[in-house]
Amino acid sequence: MKKFLSVLLLVTMTASLLAACGSSNSDSNTAGSTDQGGSSKKKVVAWAWDPSFNGAALKIAEELYQKEHPDFELEVVDMAKADLEQKLNANLAAGVKDGLPDIILVNDPNIQKYVTAYPNTFADFTDKIDFTQFSPYKVDALRIGDKIYGVPFDIGVTGMFYRSDYLEQAGYTAKDLENITWDQYIEIGKVVKEKTGKYMTTINPNDEALTSILLQSAGSWYITPENKGNFVNNPVMAETLRVYKAISDSGIAKPVTGWSEFVGSFNAGDVATVVSGVWQVPSIMDAKDQSGKWRVAPIPRLNIKGGVNASNEGGSSWFVLNGSKNKDLAIDFLAKTIGGSSEFYERFLKEKGGVGSYIPAFSSDAYGQQSEFFGGQAIYRDFTKWSTEVPGISLGMYTQEAKDALKNELPNILQGADLTQSLANIQKLFEQQVQ
Amino acid sequence: MERKWNKSSLMGWQFVALPSALILLFSFYPMFQSLLLSFQSGKGTVYHYVGIDNYIRLFSDPMFKQAVFNTLLYLIVQVPIMLLLGLVIAHLLNNPKLRFKGFYRTAIFLPCVTSLVSYAVLFKSIFAVDGILNKMLLSMHVIQEPIAWLMDPIWARVVIIAAITWRWTGYNMIFYLSAMQNIDPSIYEAASIDGASKTRQFFSITVPMLKPIILFTAIISTNGTLQLFDEVVNITKGGPGNATMTISQYIYNLSFVYTPNFGYAATVSYAIVVMVAVLALFQLKLGGEKR
């Protein structure tokens, strides 16, 4: 037994070592090719962080744009999201514009931070695109002062993915999952745990995804639009943390410590539901053997005034740098494709499963397609319907600081500390952090 | 005679000039600039001088205090364990009668050549909730329920300490080993004729003879621990809460994760500089020659 275990240990270690080496290699390869811009053709360089998603979207846009501009060429440089953000920050802070691309992908919570910290760095899109064609909450995130920076791209409208087989076994039908509150969700979870032995969901105290979803579902956020802490005297925050603690206490959530464990939990069939953004669809569909077993319902709601069964998790937008040599070309390229082409969004959805916020595309056939994996449900039609219900919020500038302040106190809250006192502590810590 | 001395002196200065200029340009100049930066505050490229406000903020910043506490905890717990372990292993491997010496030495030194990120990822997967360690302990019936190592503040720190100890013990061991081989065997011979036990020999001969090396490793380990970054970021991301966050990670967060405030980040870096200097001075006083 001992020998077996040591062999096993060795094999696992070697395997993960190789895996780690492999991924770091691919990172360094892609990062090297940034400086090769400026050839004779009209070439635009873009930075993105997922070659099979946002990188691929640019490739689709390039094909569409090339129909009318045959000499147009786009180079997409892929790098890890954290690397991209660090590179951008370091370059802008140093005032070096040489290594930077023309187009860059920005995670929505970072928008206000970048625009404020690096004034006049990003191109103004206010009258380049018809923003009334996009979901209002998405445009709200891009508006700073009276200007709109960037092109809205993918959205993270949330849904509750669930395993219909587990819930059926526990005695629930699709109807029972419509328009429920989080307390009802927890009750269902207890029954599921008892009847099937499966967890209802996962929990990771080190990840703010769930709290973010809960807050936005009732139109609130960690910070106020004036960039002040939004922890005290905020009923949505108090209710969010009460629900969070209730989920943690109820024993229906499997503890996970990282993203791969989180994805692993539903791919391995350990959990009955996943509350996540629409971009989670490809990861769920990775488990081919679970085809036909999944469905999507609206997320549960907070049982307070303003709470709805829809929210958002993540999403990103395209920015153009003011200092770029091909600024006008880059703006035109984005405006004619991602900023105003139904065809782009149809292809993006069909080929990559990406959902945008371009309203005219929602009525197309692509969005009405039924998914076999989800038992014939027209999931994208549902997601886009929910996306119009998502409360608009201002993400502000200090989201990350506020999240970290919350994380600092979360263990105490979960251990049953007085919530009012804890929230006051968080508020104090946050104000300390932001000055 | 005097002329000749001057000429060789000139020659010497020529050799020294280029490296000195480079150090001045690439090391001291940025240090000076960051000192200036530490008196400024703002967002990104929007800056203004704030005098010593950043330093005042530093002393009332709970996040910074937490980071200092965590870092010092690693320092106080991990460095002595690692140095002692390195010393003991070096002593064992220095035994001339030991067989397969080369194999053991390589095996213990090997962790040092692994990349910081890859071994951190390795530790993360070993200590995952359904990681191999939990599976082993469960199958051996040591525990009934899997332990969420990285979600408990105490265990998470233990994992970090275990990881850095694994990674750096061999590195220190090599220093001790090479120093031990320079100790004249006749000293040990004389000691054993006088009737000194092996333990006595270790503490009364080996350790005092190694004193300069022990001092050296203590200083570089202290320095390394104060700058700890890769392991924490990759294993726990500073969590749970901020229970494992180090000072370096806080600097990183201030510059790249939060709304960038490079001025305050520079202030925190200078806090590390001061701490390293003070600790090194302290260690020199404690372990150095008494003159």
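Tutor: Start with contact, which means heavy atoms within 4.5 Å. This is a predicted model, in which local features need pLDDT of at least 70 and side-chain atom pairs count only at pLDDT 80 or more, while totals for chains, interfaces and linings use all residues. Residues are numbered from 1 along each chain as its sequence is written, chains are lettered from A and ligands numbered from 1 in the order in which they are written, and side-chain values use heavy atoms, with hydrogens and water left out.

Student: Which residues does A:Pro360 contact, leaving aside its neighbours within four places in sequence?

Tutor: A:Pro360 is in contact with A:Gln133 and A:Ser342. A:Pro360 sits in helix H14 (residues 359–362) of chain A, where helices (H or I, at least four residues) and strands (E, at least two) are DSSP runs numbered from the N terminus.

Student: Why is A:Pro360 called partly exposed?

Tutor: Buried means under 20% relative accessible area, exposed over 50%, and partly exposed in between (1.4 Å probe, protein chains only). A:Pro360 has 28% relative accessibility, so it counts as partly exposed.

Student: What makes A:Ser217 buried?

Tutor: The relative accessible area of A:Ser217 is 0%, so this residue counts as buried. A:Ser217 belongs to helix H8 (residues 209–217) of chain A. Not counting residues up to four places away in sequence, A:Ser217 touches several residues, including A:Ile299, A:Leu302, A:Val308 and A:Pro391.

Student: How do you know that A:Ile188 is buried?

Tutor: With 5% relative accessibility, A:Ile188 falls in the buried class. A:Ile188 lies in helix H7 (residues 182–196) of chain A. Among the residues that A:Ile188 touches, not counting those up to four places away in sequence, are A:Leu167, A:Tyr172 and A:Met200. A:Gly171 is 17 residues away along the chain, and its C-alpha atom is 9.4 Å from that of A:Ile188.

Student: Which residues of helix H12 (residues 327–336) of chain A are buried?

Tutor: They are A:Leu329, A:Ala330, A:Ile331, A:Phe333, A:Leu334 and A:Ala335. Among the elements that the buried residues of H12(A) pack against are helix H2 (54–66), strand E6 (151–163) and strand E11 (312–320) of chain A.

Student: What is the phi of A:Asn227, and what is that of A:Asn233?

Tutor: Most residues other than glycine have a negative phi. A:Asn227 has a positive phi, near 65 degrees, and A:Asn233 has a positive phi of about 55 degrees. A:Asn227 is in the loop between H8 and helix H9 (235–250) of chain A, and A:Asn233 is in the loop between H8 and H9 of chain A as well.

Student: Is A:Asn233 buried or exposed?

Tutor: A:Asn233 counts as exposed, because its relative accessibility is 79%. A:Asn227 is buried, because its relative accessible area is 14%.

Student: Turn to chain B. Why are helix H8 (residues 185–193) and helix H9 (residues 198–209) of chain B called roughly antiparallel?

Tutor: Axes are lines fitted to C-alpha atoms, for helices over the stretch in contact, and angles run from 0 to 180 degrees between N-to-C directions. Angles under 35 degrees count as roughly parallel, over 145 as roughly antiparallel, 65 to 115 as roughly perpendicular, and the rest as oblique. The axes of H8(B) and H9(B) come within 11 Å and cross at roughly 160 degrees, so the two helices are roughly antiparallel. The residues that make the contact include B:Ile187 and B:Tyr188 of H8(B) and B:Ile205 and B:Met209 of H9(B).

Student: What makes H10(B) roughly antiparallel to H13(B)?

Tutor: Helix H10 (residues 211–226) and helix H13 (residues 262–287) of chain B pack at an angle of about 165 degrees, with their axes 10 Å apart. That angle makes H10(B) roughly antiparallel to H13(B). Among the residues that meet are B:Leu215 and B:Ile219 in H10(B) and B:Ile272 and B:Leu279 in H13(B).

Student: Where does UniProt place the feature "transmembrane region" in chain B?

Tutor: The unreviewed UniProt entry gives residues 12–32, 72–94, 106–127, 202–220 and 262–282. UniProt positions are given in the numbering used here, feature names are shortened, and annotations may be inferred rather than shown by experiment. In the model, residues 202–220 of chain B are 95% helix and 0% strand, with end C-alpha atoms 23 Å apart. Residues 106–127 of chain B are 68% helix and 0% strand, with end C-alpha atoms 25 Å apart.
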